[in-house]
Amino acid sequence: MNDAEITCPNCGHHFPLTDTLAGPAIGKLKSEYEARLAKKQQETDAALAAQKAEIEAAVAEKARAAAAAEIETLRAAMQEQADKLAEARKVQAAALKRERELEEREREVEIDLQRRLNAALKEADAKRAAAAEEVLRQKQADIEEAAARKAAEKDQHIDTLNRQIETLKRKAEQGSQQRQGEAAEATLESRLAAAFPGDRLDPVGKGVRGADCRQVVIGPAGEAGAILWEVKQTRNWAKDWLPKLREDQRDAGAELAVLVSEARPDGIDTFDLVDGVWIAAPRYAVPLAAVLRRSLLDLAVARGQRQGQATKTELLYDYLTGPQFRARVEAVVERFDQLRADLDRERKTMQGLWARREKALGLATEAMVGMYGDVHGIAGSSVAEIPGLAPGLLGPDDTEDSVEAD
């Protein structure tokens, strides 16, 4: 069927649709459509205009409301700023007031401190003047006493002082500590020789084991005893000096031992007896020697008076109460103490070693028992029993049952 044809509803005849037939109808329909379209356009334009007016009115209303809110916010902010400014001014005024009060207090305190300081300075000046006068009087007394003592000792020690000056000059030129020690030894020997010309000084040669000097005290009846001297020229005190000097004293057969050193134990400023050894500062060596020498001479006199009259018991008592027996007993005790200390160290070392070995052996045993238990649990009674590893822990019946269950 052709779209350009129409069919008669009565007879069913088909004929083509031409402009002559369709023109008036199309024109009418077109006019009606254009009229409806124009009317629709007008209605749409009117609706759009109404909506536009409403939107513009709403926008204007919102703008006016926003502007009013913003103005109100600005007014509140300005009011808050004004309140803060007023509060800040109040705080500033209070701070200025406190600052003025503090300044006034500081001025008052400063005036009071200045007044107290002036009073304290006056009191301190008075005390200082009194103390200075006392110090001057004390110094004057010390100077007079020292001058009198030096005048009395000048003739006696003139040679000793000259040798000391020469020794100190050599000491200043020597750089090594060994040479300084040798100079100190020479100084001590020269002082002892000058103070006790009747005694015999046996210096120990360089490189020879022992102390520095052995002073043999000579009395009216001959040799009264010996004093062993050791000189140390170091800054720090060493605890092993005393045991070594006691050993040297026993080897030398001396009744007394003296250690002369600038470095001494705390609390010893002049001289003192420590563990059977006399410790003295260098300047007190000669006075100490005089005292020890006097004691040896008195002891020799007492022995001389009893010589030929003493029995064996008395001789034995003298030996047991004498310095030689004491020195030998001290030597034995020192050796025992040293052996005991070595034994204690070895015991502690062996106890630690035994503990480590016992722990390692326990871990190895646990590992072996565990491995044996694993193998026995897998293979059952086919694994030979090893006494000591699993004594009755896993029976053959239990093992077989466990294997069958698996």
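Modeller: The model is predicted, so local features need pLDDT of at least 70 and side-chain atom pairs pLDDT 80 or more, while totals for chains, interfaces and linings use all residues. Residues are numbered from 1 along each chain as its sequence is written, and side-chain values use heavy atoms, without hydrogens and water.

Biologist: Why is the pair of F271 and W278 called tilted?

Modeller: Rings of Phe, Tyr and Trp (its six-membered ring) pair if their centres lie within 6.5 Å; planes under 30 degrees apart are stacked, over 60 edge-to-face, and the rest tilted. The structure holds 3 aromatic pairs. For F271 and W278 the centres are 6.4 Å apart and the planes stand at 55 degrees, so this pair is tilted.

Biologist: What makes F271, W278 and Y284 a cluster?

Modeller: Ring pairs link F271, W278 and Y284.

Biologist: Why does F271 count as partly exposed?

Modeller: Buried means under 20% relative accessible area, exposed over 50%, and partly exposed in between (1.4 Å probe, protein chains only). F271 has 33% relative accessibility, so F271 is partly exposed.

Biologist: Is D275 buried or exposed?

Modeller: D275 has 53% relative accessibility and therefore counts as exposed. D275 lies in the loop between β7 (271-274) and β8 (277-280); strands are DSSP runs of E, at least two residues, numbered from the N terminus.

Biologist: What is the phi of D275?

Modeller: The phi of D275 is positive, about 55 degrees, although D275 is not a glycine. Most residues other than glycine have a negative phi.

How values were computed:
Helix = DSSP H or I, 4+ residues; strand = E, 2+ residues; numbered from the N terminus.
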